[in-house]
Amino acid sequence: MKALSCEQAGLLLDLFAAGECDPADEKAVRTHLGACPTCRQTVEESRQMLGLLDLTFRSDAALARLSHALRSQTKPQRRPPLVHPFIQPLGAVAALLLVAFGLVIGLAPVFRSESRDQPVLQLALVTGGPAPPDAVRDKKALADAAKIVTLEARNKAVLEKQLASAVTADRWPLPPRVHLELVLHNPGRTPLEVQLGGPGFALELELSTATVIRRTSPKPAFVPFPERTLTIAPGDSARLPIERLASQTGNRVEYLYPTEPGKYALRVRLSTVATHPDRPSSRRAITLTAGPVKVAVHPPR
Amino acid sequence: MDTLQGETDLIERTLRGDAEAFQLLAGRYYRPVGAFLLKRVGRADLVEDLVQETFLEAFRALREGRRPEHFSSWLFGIAHNRAGRWLRKRRLVLFDPADPPVTPAVPPELTARAELEEQQHRLAALDESLASLPDELRQLLEMKHRRGLTCEQIARELGRPVGTVKSLLSRTYRLLRERLTPHGSEAT
C-alpha cells in the first residue's frame, strides 16, 4: 500500500469522518493520520461539522421526541381502578396506614418515585464464538470480538439461474452463513422490553460493496428475528445471533448474496421499540447503528 | 427586547406547568445546546440523548418552581453538568474499536453566554452555507443526515453511481467544514 501525502489524504478526510471511505482508502487514511496531526485536526473538525448537520436535519424529529417526553411528564397515566369504586375510600385509608407503618419500620425508600428517564439501549456487533458477553461495555473485549468474518461468494450466473427457476421465495437459496452476534445492552436501572421482529422492527445489514444481489420476500424460508419481546435486566446484555446475511424490515426479509470476492465492511442499523415494562408511557422507538466488522468474501468453490 | 420579553413569558407559563411554552423555548435553544454538547463530548451519536436529558431536567426544575435569573446561562449550565457527568462516569458507550473516541477534558468553568454566542454563530454560518447550496446537494445531505442513508443506498435510490454520490458529498462536506472552521484549516 502506497503512503498518502497530505494532499491525497485531504481529499478523503471528510468521507473518512463520515464512515464512507471504502476499506482500502480507510486503511490508507488511518495510516496517514497516525503520523499527521494536521490531518487529525481536520478529521476532528469534519466530525464536528457532520454532528452539526445531524443536529440540523434531525432537529424536527428530536423536538417531536422531546414533546412526547414532556407530555408524558405532564399527563400522569390514568390507570383503571384495581378495586370497585365503592371500596376505593377504604383502600385509600389502608394505603395511608401502610405508608405510615412503612415509614416507621423503614420501608420509605420503596415509595421513592421511579426515574423518568427514557429507555436507553446500546448495541454492538461482534463476531460469534468466544466473545465475552460484556463486549458492549468493554473496549478491549469489543476489540477482541470484532475480528474478521469469512464467507463464500456466490457465482453470479449460477445464482441468478437458481433464483429465476425458484417458483416461490421459500425455494430461494439461503444467503451465506455469518457468525455474527448483536449485543443489546440495557445500561439503565430498570428492566427493558425490546421488540424483535414484527412491525416497528428493522435490522438492516449494509455491506460496503455494490456487488451484492438482493432479494426481498414477505414469506421467506429464513427469518432472522421472529416476532417476540425480549426483556433485558438492568445492566445486563442479550446476545442475538444473526446467522445469515439477511436484512429484515417488519416481517419482510431481504437476502444478501455477495458475488465478488474481496474484503468489505459490514455495518448494521437496528430500529426497534423499547419500553420500561412498568411504565407503558415510556415506549420509545430507537434506532442504533453498529459496526463495522470486517468481512472477507472468498471466491466460490 | 421583544425576544427577551417573549422568553420571560414562556418561562412564566412553564412555571405554571405549560409544556407547550417550554416546547417553544426548547425549539429556540435545541440546536445551540446540541452544538455545545457536541463540542464537549465529541460524539454526534450521543448528543441527541444528552440534549433531551438537558431539556427534561430543565423542565422538571421549572415545574418545581425554580426561577432562573438568566434562562440561557442556566440551561447551558445544566447541559455542561450533563456533559461533565457523562465524561466523568465514562458512560457505557459504543465505538469503533479501531477508532476510539478522544475524550475531551471537562472545562474548568463555564462561560455560558460566550458559549451561546459561539454556537449561534457556528449554526448561523452553517445555515447560511446550506441555504447557498444547489438543491441537488441539499437533497443529498437530507438523505444522508435526516434519513440516515449510506452512500450506496442514496446511489440506489437516485439511480446514480455510488462514486458520484461520494464525490459530491465529499466536496460538499469540505466546503461546509472550511466555512465553519474559523482559521480555514487545510491539509497541507
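Colleague: If contact means heavy atoms within 4.5 Å, how many residues does the contact take from chain B and chain A?

Modeller: It takes 61 residues from chain B and 61 residues from chain A. This is a predicted model, where local features need pLDDT of at least 70 and side-chain atom pairs count only at pLDDT 80 or more, while totals for chains, interfaces and linings use all residues. Residues are numbered from 1 along each chain as written, chains are lettered from A and ligands numbered from 1 in written order, and side-chain values use heavy atoms, without hydrogens or water.

Colleague: What area is buried between the two chains?

Modeller: About 5,700 Å² is buried between chain B and chain A, with 58% of that from carbon and sulfur atoms. Buried area is the accessible area (1.4 Å probe) that two parts lose on being put together, summed over both.

Colleague: And how many salt bridges are there between chain B and chain A?

Modeller: Six, counting a side-chain nitrogen of Lys or Arg within 4 Å of a carboxyl oxygen of Asp or Glu. One joins the side chains of B:Arg177 and A:Asp14, at 2.8 Å from N to O.

Colleague: Which helix of chain B gives the most to the side that touches chain A?

Modeller: That's α2(B), with 11 residues. Helices are DSSP runs (H or I, at least four residues), numbered from the N terminus. By class, this side of chain B has 26 nonpolar, 15 polar and 20 charged residues. Ala, Val, Leu, Ile, Met, Phe, Trp, Tyr, Cys and Pro count as nonpolar, Asp, Glu, Lys and Arg as charged, and the others, Gly among them, as polar.

Colleague: Where do A:Glu20 and B:Lys144 sit?

Modeller: A:Glu20 is in the loop between α2 (13–17) and α3 (23–35) of chain A, and B:Lys144 is in helix α6 of chain B, so the pair crosses between chains.

Conventions. Contact means heavy atoms within 4.5 Å. Helices (H or I, at least four residues) and strands (E, at least two) are DSSP runs, numbered from the N terminus.
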